[in-house]
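Please look through the sequence and the model shown below, and keep them beside you while you read this briefing. The points after the lead sentences are grouped by topic.

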Amino acid sequence: MSAEEIESKLGQLDFSDSEIDSDTDSDSGDDNEQSTSSQASKPLASKPLEKEDIVTKYADKIKTEPFKKGPQVTKDRSKRATVEQVLDARTLRFLGKIFRSGLITRINGCISTGKEANIYHGTHDDEGVTEEFAVKIYKTSILVFKDRKRYVDGEFRFRNTKDQGNPRKMVKIWAEKEFRNLNRIYQSNVPCPRPYVIKSHVLVMQYLTEGDDQPSPKLKDYSFKNIEDIIKYYREMLICMRRLFQNCRLVHADLSEYNSIVHKDKLYIIDVSQSVEPDHPMALDFLRMDIKNVNDYFARQNIDIYPEKAIFTFVTEPLGIEDIEQALNSYLDSTPLKTTKDQEIEDEIFRSLHLVRSLKHLDERDFQKFSEGGVDTMRELVAPALPSEETTAANGDDYDEAQDEETNETETETDKGSEEDYSDDDEDEDEDSSDEDEHNKPKGKKYEDKDEKKARKEAVKLAKQEKRKTKMKKHVKKKLINKRKGK
């Protein structure tokens with residue numbers, strides 16, 4: 001088709017705008033008539049309420065304020081602010097309670113500061129009261145001493161304490177611990193400051209003074225008169241350690257020249273917040289640390305000291321001695337002093353020993369002897385004193401054989417262990433042989449014959465099999481442990 005024909009066809013199909021508008025108007029009119037008729041026949045639907053309408057409708061029944069019983073308190077950081085790291089609003093309230101009780105009426109100033117507390121001087125305005133007081137306030141905001149937990153965990157007295165991870169609650173437990181320890185020590189007639197009262201982390205006790213508001217000197221600041229004076233205080237310290245353990249059932253756990261005061265020519269024990277009972281899992285380790293600290297200080301004063309093991313026995317064993325100064329001093333007179341290097345080596349070995357406190361700490365090799373009553377946990381499990389060098393050289397083979405017997409009792413069956421157990425036996429056989437060829441034969445596992453090595457390993461296996469026949473079963477051992485715990 002040509003272009004002219006196409007245009008003519010389009011002209012026939014074209015409609016005017018008026019016609020289209022009229023058609024649409026008529027159609028819309030028909031639709032409106034139908035909708036109105038349908039709406040008239042159907043009931044009207046309710047329009048949904050908006051959120052604002054709901055709130056306004058039920059405003060008298062809905063309370064949008066936060067629910068909290070009692071008066072609402074807003075937190076203010078100024079209430080937590082501290083002066084000298086201890087004095088905050090909460091601490092001042094506890095001090096106010098102590099003032100209202102009438103014990104003290106005035107705090108004059110700070111005596112000393114430490115890693116765990118500040119100590120203030122307190123007095124009473126009444127002229128008839130001559131007693132002076134030391135007010136110990138523990139730090140709660142900046143805790144430098146953060147290792148308190150190991151001194152509390154395992155203590156039977158504080159077995160029910162909760163939230164020990166909270167620093168403020170832990171400080172409260174720590175202050176209570178010192179107050180109870182001071183009470184126990186004071187009632188046992190061991191020289192220490194007298195405790196008066198405790199309010200949370202504020203402790204009031206006796207102030208040891210020489211007069212003119214001057215505190216009595218610590219042992220580290222005390223000027224000794226002569227050598228006899230040094231020996232006197234050294235023995236007083238050892239006697240205090242024994243009385244703490246025997247009478248008070250306590251181990252100081254931080255005893256040194258910094259935690260003892262010379263007051264009226266007598267040694268006083270202070271700072272007992274970390275002291276633990278002998279049943280504590282680490283009590284004996286703390287005791288050995290105290291002995292070492294005391295010996296180190298008095299050794300620097302150029303006097304002869306006692307061996308640490310002898311002091312440990314003096315402190316922990318009853319020894320049938322009366323608790324009077326004369327009897328205790330006479331026992332110390334009969335105890336030999338540490339004068340040789342061998343004794344120094346013995347002290348180092350004693351510090352590294354594992355001391356047994358309960359059946360849980362017993363090894364398998366010791367349990368059979370203990371069940372038969374053949375082991376004294378405080379004596380036999382502690383290594384004996386080292387012999388001299390000559391005796392060690394002469395008895396070297398016997399010591400090696402004892403080592404072999406102990407290693408044979410274990411259950412490991414590796415080739416390495418069996419070679420170490422019987423290497424010394426091969427050396428003994430070489431020394432007993434009379435042939436010159438055997439004497440010249442190189443010694444050691446490297447040059448061992450294959451048949452001999454095989455026979456030795458077989459012998460080790462047989463010996464271990466025999467050992468297992470008489471070995472105590474694990475369930476039997478567990479029953480014995482539970483039975484002894486029940487007692």
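Asn259 sits in the loop that runs between helix H7 (227–246) and strand E8 (260–263), where helices (H or I, at least four residues) and strands (E, at least two) are DSSP runs, numbered from the N terminus. This is a predicted model, in which local features need pLDDT of at least 70 and side-chain atom pairs count only at pLDDT 80 or more, while totals for chains, interfaces and linings use all residues. Residues are numbered from 1 along each chain as its sequence is written, and side-chain values use heavy atoms, with hydrogens and water left out.

**Asn259**

- Asn259 counts as buried because its relative accessibility is 8%, and buried means under 20% relative accessible area, with exposed over 50% and partly exposed in between (1.4 Å probe, protein chains only).
- Leaving aside residues up to four places away in sequence, Asn259 touches His252, Asp254, Tyr268, Ile269, Ile270 and Asp271, where contact means heavy atoms within 4.5 Å.

**The positions annotated in UniProt**

- An unreviewed UniProt entry places the feature "binding site" at Lys136 and Leu208; they are spread over 73 residues of sequence, yet they cluster in space, with a largest C-alpha distance of 13.3 Å.
- UniProt positions are given in the numbering used here, feature names are shortened, and annotations may be inferred rather than shown by experiment.
- Lys136 belongs to strand E3 (residues 133–138), and Lys136 counts as buried because its relative accessibility is 5%.
- The side chain of Lys136 makes a polar contact of 3.5 Å with the side chain of Glu116; a polar contact is a pair of N or O atoms within 3.5 Å, and within protein one must be able to donate a hydrogen and the other to accept it, while residues adjacent in sequence count only if both atoms are side-chain atoms.
- Leu208 is in the loop between strand E5 (202–206) and strand E6 (209–211), and Leu208 counts as buried because its relative accessibility is 5%.
- Not counting residues up to four places away in sequence, the residues that Leu208 touches include Pro193, Ile261 and Tyr268.

**Ser273**

- Ser273 is placed in the loop between strand E9 (266–269) and helix H8 (283–299), and Ser273 is buried because its relative accessible area is 0%.
- The side chain of Ser273 makes a polar contact with the side chain of Trp174 (3.1 Å), and another polar contact, of 3.4 Å, joins the side chains of Ser273 and Gln274.
- Among the residues that Ser273 touches, not counting those up to four places away in sequence, are Glu116, Tyr138 and Glu178.
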